[in-house]
Amino acid sequence: MRGIPVIMYHHVNNNPGELNPEAFEAQMRFLAENNYHTLFLDELIKFMKGSITLPKKSLLITFDDGFLDNWVYAYPILKKYNLKATIFVITSRIKDKPNTYRPNLEDVWRGKCKEENLPFIDTNENVNFRCAIYNKKSEDFLTWEEIKEMEKSGIIQIESHTHLHTSHFVSNEIIDFNENNFKNDYYILPSATDGDIRLGIPIYLRKSSLVSPRYFDDLKLRNYLAEFAKNKLEKNPKKWKKILQEIAFNYRAQYGDNGFYESFDDYKKRVMEDILLSKKIIEKKLKKRCKYICWPWGEYNDFLIDCAQKAGF
């Protein structure tokens with residue numbers, strides 16, 4: 001069986017480092033002009049099972065997370081070239097705004113608004129940082145009304161990207177110390193520390209919160225390092241991580257590791273609650289069966305596959 005390419009996106013916007021609308025449109029124009037056939041997931045599954053054949057130039061277009069710019073920029077361009085795409089949404093971040101649609105690129109083309117009046121699209125780092133801190137519905141993501149409008153077009157399919165999409169510590173091994181630097185994934189740290197972003201707190205091996213039981217770190221050690229960083233590190237900034245490593249080592253030598261791991265039963269319950277809730281919300285809002293799930297950061301294992309199948313994905 002030949003492979004089917006999947007082109008995965010997150011953002012289409014004008015922020016530095018992101019794929020801008022002009023470049024995205026050039027890519028979509030290329031696919032349309034060269035007669036590429038875009039698929040939904042049902043077609044892919046049927047093809048993989050051998051029940052249908054597909055044109056040679058077949059592929060999937062997907063978006064992770066469900067950011068606002070998917071509505072503002074990506075959807076109008078996909079619609080313009082009649083290309084299908086699947087958006088995997090994080091259900092905890094989507095708001096209800098009845099009978100309200102924010103302007104998008106199609107409104108600009110129709111002369112209903114100017115491009116400079118389109119909704120503000122914040123940076124990926126700022127958006128994810130706010131979500132990690134506050135863990136609530138966000139204006140930076142699609143609304144259910146916009147999602148319904150896109151699905152109604154026949155070119156957008158909505159599926160699950162889980163409910164919370166968080167990361168947790170999964171080991172007691174200290175691998176770094178927080179320096180409040182966006183370049184080092186500082187913006188997603190708060191979901192592992194329950195919002196704690198103090199300078200100098202220890203960072204442990206972190207993965208998607210679904211792939212492993214959570215390690216709850218030693219709060220006394222965390223507080224001890226944060227207080228030291230607050231009061232003394234500025235005097236010797238070049239060596240501060242080495243200093244914190246020595247302090248942590250000596251602390252554990254004296255007091256041991258007072259962190260603990262989540263029980264497997266609690267972990268399994270948490271996983272099932274998360275993926276079932278995302279499925280239930282999508283099915284209730286869109287009045288359809290939600291059949292597919294996309295794992296956060298692409299992290300999964302056999303246990304998660306079994307959970308997803310039991311949940312009905």
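**Exercise 1.** Is K284 buried or exposed, and what is its relative accessible area?

*Solution.* The structure is a predicted model, in which local features need pLDDT of at least 70 and side-chain atom pairs count only at pLDDT 80 or more, while totals for chains, interfaces and linings use all residues. Residues are numbered from 1 along each chain as its sequence is written, and side-chain values use heavy atoms, with hydrogens and water left out. Begin with the cut-offs: buried means under 20% relative accessible area, exposed over 50%, and partly exposed in between (1.4 Å probe, protein chains only). With a relative accessible area of 66%, K284 is exposed.

**Exercise 2.** Determine how strand β3 (residues 58-65) is covered, and which strands pair with it.

*Solution.* Eight of the eight residues of β3 are buried, so the strand is largely enclosed by the rest of the structure. Next, apply the pairing criterion, which requires that DSSP finds at least two bridges between two strands. Strand β1 (residues 6-9) pairs with β3 in the parallel sense over four bridges, and Y9 has F63 as its bridge partner. Finally, β3 and β4 are joined in the parallel sense over four bridges, and D64 stands opposite F88 in β4.

Notes: Helix = DSSP H or I, 4+ residues; strand = E, 2+ residues; numbered from the N terminus.
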